[in-house]
2 protein chains.
Amino acid sequence: MSTPGLDGTLAALADPHRRRVVDLLRERPHRAGELAQATRISFPAMSRHLRTLRKSGLVEEARDELDSRVRIYRLRPEAMTELKAWLAETDALWARQLSAFKAHLQKSRK
Amino acid sequence: MSTPGLDGTLAALADPHRRRVVDLLRERPHRAGELAQATRISFPAMSRHLRTLRKSGLVEEARDELDSRVRIYRLRPEAMTELKAWLAETDALWARQLSAFKAHLQKSRK
DNA sequence: CTAATACTTTTTATTTCTGTTAAATATTTC
DNA sequence: GAAATATTTAACAGAAATAAAAAGTATTAG
């Protein structure tokens with residue numbers, strides 16, 4: 001499944017709890033329960049955050065091979081490439097704006 | 001005024017209208033009115049979006065020198081550095097995770 | 001001074017988001 | 001099979017976001 005777009009990514013990352021989850025997942029995969037305890041919110045609340053993260057493509061779920069009650073969540077860093085590209089684009093356009101401004105200064109100094 | 005943090009930045013960028021504004025502003029500064037017309041939302045709505053963008057530090061306002069009724073908005077790309085740093089950090093940790101995984105494979109292959 | 005312009009702020013209604021508790025589902029363990 | 005475990009879904013309440021309409025504030029134009 002491809003990245004659903006910038007919008008979902010940004011909306012998912014905008015919540016502090018969800019960003020905390022991403023922070024945890026980038027170190028290693030975690031169980032749903034671990035994530036709930038780490039963020040000090042209820043299991044149901046975490047479950048919903050995980051669902052939005054999953055829908056945004058930032059995270060994927062898998063059952064534990066030994067105990068399929070537990071669900072392991074892991075990060076999908078590819079989901080951030082679109083966002084990074086957008087930020088890079090901003091940089092590029094900004095650089096152009098800056099150089100145009102400098103050129104303008106040069107011209108008016110003459 | 002320094003960047004208020006990732007949270008504000010991401011929340012501000014999560015809205016499509018606001019991101020459209022940023023897209024416009026990265027080409028050149030615009031008047032508030034122009035932005036409203038470009039996004040096809042009401043002036044009051046745009047005014048509020050501009051306020052959240054301003055509070056997030058992504059945008060700054062200035063009065064037009066010739067006609068101080070009009071307000072010019074311009075991008076503050078510095079406001080994105082924290083976000084870029086956060087994304088880079090994710091990359092770094094992910095790379096470490098990947099190499100750890102490869103090391104693990106090496107070991108188990110022996 | 002009056003009218004017009006360019007926006008912003010306030011008010012109010014509507015929707016969306018988060019969180020909590022309770023109930024449901026799926027597995028495992030005994 | 002019954003009890004325990006891990007997690008999700010449902011139901012509902014409160015908080016926050018968004019938007020449109022109306023009113024307000026400056027500033028400029030005539």
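Colleague: How does the surface near DNA strand D divide by class?
Modeller: Keep in mind that this is a predicted model. The surface near DNA strand D has eight nonpolar, seven polar and seven charged residues.

Colleague: Switching to the protein chains. How many residues of chain B are in contact with chain A?
Modeller: On the chain B side, 19 residues, and they are in contact with 19 residues of chain A. Within chain B, α1 (6-13) and α5 (81-109) each supply at least two residues of the side that touches chain A.

Colleague: Which of the helices gives the most?
Modeller: α5(B) gives the most to that side of chain B, with eight residues.

Colleague: How many residues on that side are nonpolar, and how many charged?
Modeller: On the side of chain B that touches chain A, 11 are nonpolar and six are charged. Another two are polar.

Colleague: What rotation superposes chain B on chain A?
Modeller: One of 180 degrees, with 0.1 Å of shift along its axis. The RMSD is 0.1 Å. So the two chains have the relation of a two-fold axis.

Colleague: Which C-alpha in chain B is nearest that axis?
Modeller: The C-alpha of L10(B), 3.0 Å from the axis.

Colleague: How much of the chain B contact set recurs in chain A?
Modeller: 100% of the contact residues of chain B recur in chain A. The same surface serves both copies.

Colleague: New topic, helix packing. At what angle do α2(A) and α3(A) pack?
Modeller: About 125 degrees, with their axes 10 Å apart. Helix α2 of chain A covers residues 16-25. That angle is why α2(A) counts as oblique to α3(A).

Colleague: Is the crossing of α2(A) and α3(A) left-handed or right-handed?
Modeller: The crossing of α2(A) and α3(A) is right-handed.

Colleague: Which residues make that contact?
Modeller: From α2(A), H17(A), R20(A), V21(A) and L24(A). From α3(A), L35(A), A38(A) and T39(A). The residues of this contact divide into four nonpolar, two polar and one charged.

Colleague: Now chain B. What are the angle and axis distance for α2(B) and α3(B)?
Modeller: The two helices pack at about 125 degrees, with axes 10 Å apart. That makes α2(B) oblique to α3(B). Their crossing is right-handed.

Colleague: Which residues meet there?
Modeller: H17(B), R20(B), V21(B) and L24(B) in α2(B) meet L35(B), A38(B) and T39(B) in α3(B). By class, the contact of α2(B) with α3(B) has four nonpolar, two polar and one charged.

Colleague: Great, thanks.

Definitions and conventions: Residues numbered from 1 in each chain as written. Chains lettered and ligands numbered in written order. Predicted model: local features only at pLDDT ≥ 70, side-chain atom pairs only at ≥ 80, totals over all residues. Contact = placed C-beta atoms within 7 Å. Helix = DSSP H or I, 4+ residues; strand = E, 2+ residues; numbered from the N terminus. Nonpolar A, V, L, I, M, F, W, Y, C, P; charged D, E, K, R; others polar. Least-squares fit on C-alpha atoms with pLDDT ≥ 70 in both. Axes fitted to C-alpha atoms, helices over the stretch in contact; angles between N-to-C directions. Parallel < 35°, antiparallel > 145°, perpendicular 65-115°, else oblique. Left-handed = near helix turned anticlockwise from the far one by under 90°.
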